[in-house]
Amino acid sequence: MQIEDTPIYPYQIKQTTFCKYVLTTPNKEINLNFPQVLELRRKLNDLTTFDSLSSIINTDNFVLLFVADRQHLVYLDIPQLLKLQEEVMSFFYSPEMILV
Amino acid sequence: MNTTAIRKQMSIHPDVMDLLNNQIAMEMKASASYLAMASWCDQRELLNSKSFFYKQAEEEREHAMKIFVFINDNGGAAVSPNVTHVTNDFESLRGIYEKGLEQEIGVTESIFKIFKAAREKNDYTSEVFLQWFIAEQSEEEDTFRSIIDVFGLMEGMPLKMIDERLPKE
């Protein structure tokens, strides 16, 4: 019996210049400015609330997300949605400095 | 010093920004609610109360706008809220003012929550900004309490007579 490998969801968001960012998805790279990153964060936060996730699971089981001022449309199933949300959240996380 | 990519774009903390966006929704809901109260009073020719609530509706909207502009000025993204479930049906003038006080207390508690979050996240910009709102809410609550006291003092008097002794703003 073959055991499937743990699936990898390669979503990455990186800063390229001072106000330009790039979101790497399995299919394409999407250039974003900061307000577009903030909008993506807001949409992902809205989609990953308990009620919203329940509603997605009980209906289509996927979401179509407009990104970068509606220039790109991204298809996300639930694990992909959660992975992308995690990536965006970690992008906004700034660790506190600890003096040792 | 925090000089992460996000800090270079925003002066406020993203989590505090989310709470401030919720506050905008709360202030706009309060504004819509006061407008409904103003309409109830206007239809019954309660002139002072009508002026008071029209003014309150404007003030709440000004508060929302103040937060809205603050978020955008500090590199965040202000969100225009949905305003739903506004009650237009009331029992009495006193009931309206009591509902108004409850609403103001709710707004004050929400401001306290954001203030606390700003302090925990070391977001001093938001903390200082919110100080004005705390003083303002204290005044608002006092205004409503004083009006409700008038109802207690004038119990049994005709409604129109009570209304004439209430402030217009």
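Reader: Which loop does A:R70 lie in?

Author: A:R70 lies in the loop between β4 and β5 of chain A. Keep in mind that this is a predicted model.

Reader: OK, and what's the phi of A:R70 like, positive or negative?

Author: Positive, at about 65°, although A:R70 is not a glycine.

Reader: Is A:R70 buried or exposed?

Author: Exposed, because A:R70 has 7 C-beta neighbours inside 10 Å, and a residue with 12 or fewer counts as exposed.

Reader: What about A:D69, where is that one?

Author: A:D69 is also placed in the loop between β4 and β5 of chain A. Its phi is near 50°, again a positive value in a residue other than glycine.

Reader: And why does A:D69 count as exposed?

Author: Because A:D69 has 11 C-beta neighbours inside 10 Å, and the limit for exposed is 12 or fewer.

Reader: How many residues sit between the strands in that hairpin?

Author: The hairpin of β4(A) and β5(A) has 4 residues between the strands, and A:A68 there takes a positive phi near 55°.

Reader: How do β4(A) and β5(A) run, parallel or antiparallel?

Author: They run antiparallel, and 6 bridges join them.

Reader: Let me zoom out. How many helices and strands does chain A have?

Author: Chain A has 3 helices and 5 strands. Going from the N terminus, the order is β-β-β-α-α-β-β-α.

Reader: How much of chain A is buried?

Author: Of its 100 residues, 16% count as buried. As for contacts in chain A between residues at least 6 apart in sequence, 42% join residues at least 24 apart.

Reader: How confident is the predictor about chain A?

Author: The average pLDDT of chain A is 89, and 84% of the residues score at least 70. Among the elements of chain A, β1(A) has the lowest mean pLDDT, 90, while helix α2 (residues 50-58) has the highest, 97.

Reader: Now the helices. How far does α1(A) reach?

Author: α1(A) has 14 residues and reaches 20 Å from its first C-alpha to its last, close to the 20 Å expected at 1.5 Å a residue.

Reader: Which residues of α1(A) are buried?

Author: The buried ones are A:F34, A:V37, A:L38, A:L40, A:R41 and A:L44. They cover an arc of only 160° around the axis, so they are on the same side of α1(A).

Reader: What covers the buried residues of α1(A)?

Author: The cover includes β2 (20-24), β3 (29-33), β4 and α3 of chain A, together with α1 of chain B.

Reader: And α3(A), why does its length agree with what a helix should span?

Author: Helix α3 of chain A has 15 residues (78-92), which should span 21 Å at 1.5 Å a residue, and its end C-alpha atoms are 21 Å apart.

Reader: Which residues of α3(A) are buried?

Author: A:L81, A:L84, A:V88 and A:F91 are the buried residues of α3(A). Their arc around the axis is only 90°, which puts them on the same side of the helix. On the other side of α3(A), A:P79 and A:S90 are exposed.

Reader: What's covering the buried residues of α3(A)?

Author: Among the elements covering them are β1 (12-17), α1 (34-47), β4 (62-67) and β5 (72-77) of chain A.

Reader: Switching to chain B: how many helices and strands are there?

Author: Chain B has 6 helices and 0 strands. Its C-alpha atoms fill a box of roughly 65 × 25 × 20 Å, taken along the principal axes.

Reader: How much of chain B is buried?

Author: 34% of the 169 residues of chain B count as buried. Of the contacts in chain B with a separation of 6 or more, 76% come from residues 24 or more positions apart.

Reader: Last topic: how many residues of chain B are in contact with chain A?

Author: 11 residues of chain B are in contact with 9 residues of chain A. Helix α1 (residues 5-9) of chain B gives the most to chain B's side, with 5 residues. By class, that side has 5 nonpolar, 4 polar and 2 charged residues.

Note on methods: Residues are numbered from 1 along each chain as its sequence is written. Chains are lettered from A and ligands numbered from 1 in the order in which they are written. This is a predicted model: local features need pLDDT of at least 70, side-chain atom pairs count only at pLDDT 80 or more; totals for chains, interfaces and linings use all residues. Helices (H or I, at least four residues) and strands (E, at least two) are DSSP runs, numbered from the N terminus. The expected span of a helix is 1.5 Å times one less than its number of residues. A residue is buried if 20 or more other C-beta atoms lie within 10 Å of its own, exposed if 12 or fewer, and partly exposed in between; C-beta atoms are placed from the backbone. The arc is that of the directions from the helix axis to the C-beta atoms. Two residues are in contact if their C-beta atoms, placed from the backbone, lie within 7 Å. pLDDT is the predictor's confidence in each residue, from 0 to 100. Two strands pair if DSSP finds at least two bridges between them. Ala, Val, Leu, Ile, Met, Phe, Trp, Tyr, Cys and Pro count as nonpolar, Asp, Glu, Lys and Arg as charged, and the others, Gly among them, as polar.
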